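Here is a short briefing for a first look at this model.

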Amino acid sequence: MFLGKMTRAGLGMIAALGLSTSIASAQESVEVLHWWTAGGEAKALQVLKKDLEGQGVSWNDMPVAGGGGEQAMTVLRARVTSGNAPTAVQMLGFDIKDWAGEGVLGNLDELAAKEGWDAVVPDALKGFSKYDGHWIAAPVNVHSTNWVWANKAIFDELGLKQPGSWDELIAALDKIKAAGYTAVAHGGQAWQDATIFDAVVMATGGPDFYQASMIDTDPDALGSDTMKTVFERMATLRGYVDDNFSGRDWNLATAMVINKEAGVQFMGDWAKGEFLNAGKVPDQDFLCFRFPGTQDAVTFNSDQFVMFKVGEDRQDAQMKLASAVMSPSFQSAFNVVKGSVPARTDVPNDAFDACGKKGMAELAAANKKGTLFGSMAHGHAVPAGVKNAMYDVITAHFNGEYDAATAVEELVNAVESAQ
């Protein structure tokens, strides 16, 4: 009798276990590798997680700390090699092209066609979101890099207006320096030097020259008199940087502007987050405007969620993730926090501050004009080897190792050797 009861109980437990197993197997999930571990970024991802949970898809977080994603790519390589790729991976620029070339990415064409991505994603971004004509990634944002961040109190105190040309910029920097402030807040790191260089190339030679030199790496453009002028202007800007700039992190340079120690910083729009975190308000406490001479152009980098090939049992959840990433509501919620602007040109700007609204309008305008360009400094113009070769020359010149004429020769040789 006792044995019979135990048998029935055991059968019940087995049945319950079978039911829970079937429920678990029916529960869809996505595993997402990313490096958005900072407070604001992590908070913004909660929007995406909740969206998916509402569709019955659980989120398995795989955060790998490290702002540039180098550590994340190391982890990813091990996962793909072992045949266990994540559902999606945060990725940038030429890393996307490299992985696409290995034939390990998924295909989002059907979803992209259904939701009309081609009509709302700028062509310059699609250069990374698509490979051989097929959608492989969902772009999350656009960070533009040719911004100037200025302390409004210093500008008001000195009667300065927003400079619109190189000559006006130099005149403003002269006044700021004469007043006892550091004119240009800068961190002496290769990528920061290159960020300024990007802007000076665009301002000096215009969009066609930027395309020829930074993207096409045309030797004639790289070795031109225009490029010599670029290096001469970089040397001029070096004269407005304080003596302690070497090795300074970008956010510490931003703090110099926030704290009224420096007049301006040339940096991407992630700098805005530092101002906002300090309780500062655009157009009241700080100014945001394009590097003088680049008003009609935007240089950018873009975070994207790249979709890897997964089994059929995971593809539906993967499509739901891609759709959620591309939804206007998420694009708005995430980019308001991140400081960037949406990767879609049709997202309402209601939730964005003055700098965000300006960034969205300028992105849309540059997209229409064909003046939206991937940033060399931020891995969206040339492969990493060429970028790093450019870095070496730019930084050596900025630190006084070369004069402008020598820097031009070194740049041509460095790029040729890296290709």
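In this predicted model, helix α10 (residues 190-215) and helix α18 (residues 384-398) cross at roughly 110 degrees. Their axes come within 10 Å. An angle of 65 to 115 degrees counts as roughly perpendicular, so α10 is roughly perpendicular to α18.

**α10 against α18**

- The crossing of α10 past α18 is right-handed.
- From α10, the contact takes in Ala190, Trp191, Asp193, Ala194, Phe197, Ser213 and Met214.
- From α18, the partners are Met390, Tyr391, Ile394, Thr395 and Phe398.
- By class, the residues of this contact between α10 and α18 are nine nonpolar, two polar and one charged.

**α18 against α19**

- Helix α18 also packs on helix α19 (residues 404-418).
- The angle is about 165 degrees, and the axes of α18 and α19 lie 9 Å apart.
- Angles over 145 degrees count as roughly antiparallel, and α18 and α19 are therefore roughly antiparallel to each other.
- The handedness of the crossing of α18 past α19 is right-handed.
- On the α18 side, the contact is made by Gly385, Val386, Ala389, Met390, Val393 and His397.
- On the α19 side, Ala404, Ala407, Glu410, Leu411, Ala414, Val415 and Ala418 take part.
- The contact of α18 with α19 holds ten nonpolar, two polar and one charged residues.
- Met390 of α18 meets α10, and Met390 is also listed in the contact with α19.

**α12 against α19**

- Helix α12 (residues 225-238) and α19 have axes that come within 8 Å.
- The axes of α12 and α19 cross at roughly 120 degrees, which makes α12 oblique to α19.
- α12 passes α19 in a right-handed crossing.
- Met227, Lys228, Phe231 and Glu232 of α12 make the contact with Ala404, Ala405, Ala407, Val408 and Leu411 of α19.
- The residues in the contact of α12 with α19 are seven nonpolar, no polar and two charged.

**Two domains**

- The protein is divided into domain 1 (26-143 + 301-359) and domain 2 (145-300 + 370-418).
- The centres of domain 1 and domain 2, taken over C-alpha atoms, are 29 Å apart.
- How many residues of domain 1 are in contact with domain 2? The count is 19 residues of domain 1, and they are in contact with 21 residues of domain 2.
- Domain 1 and domain 2 bury about 1,700 Å² between them.
- Carbon and sulfur atoms give 65% of that area.
- In domain 1, the residues that lose the most area to domain 2 are Phe94, Asn301 and Cys355.
- Together, Phe94, Asn301 and Cys355 account for 34% of what the domain 1 side buries.

Note on methods:
Residues numbered from 1 in each chain as written. Predicted model: local features only at pLDDT ≥ 70, side-chain atom pairs only at ≥ 80, totals over all residues. Heavy atoms only, no water. Axes fitted to C-alpha atoms, helices over the stretch in contact; angles between N-to-C directions. Helix = DSSP H or I, 4+ residues; strand = E, 2+ residues; numbered from the N terminus. Parallel < 35°, antiparallel > 145°, perpendicular 65-115°, else oblique. Left-handed = near helix turned anticlockwise from the far one by under 90°. Contact = heavy atoms within 4.5 Å. Nonpolar A, V, L, I, M, F, W, Y, C, P; charged D, E, K, R; others polar. Domains from an automatic or database assignment. Buried area = accessible area lost by both parts, 1.4 Å probe.
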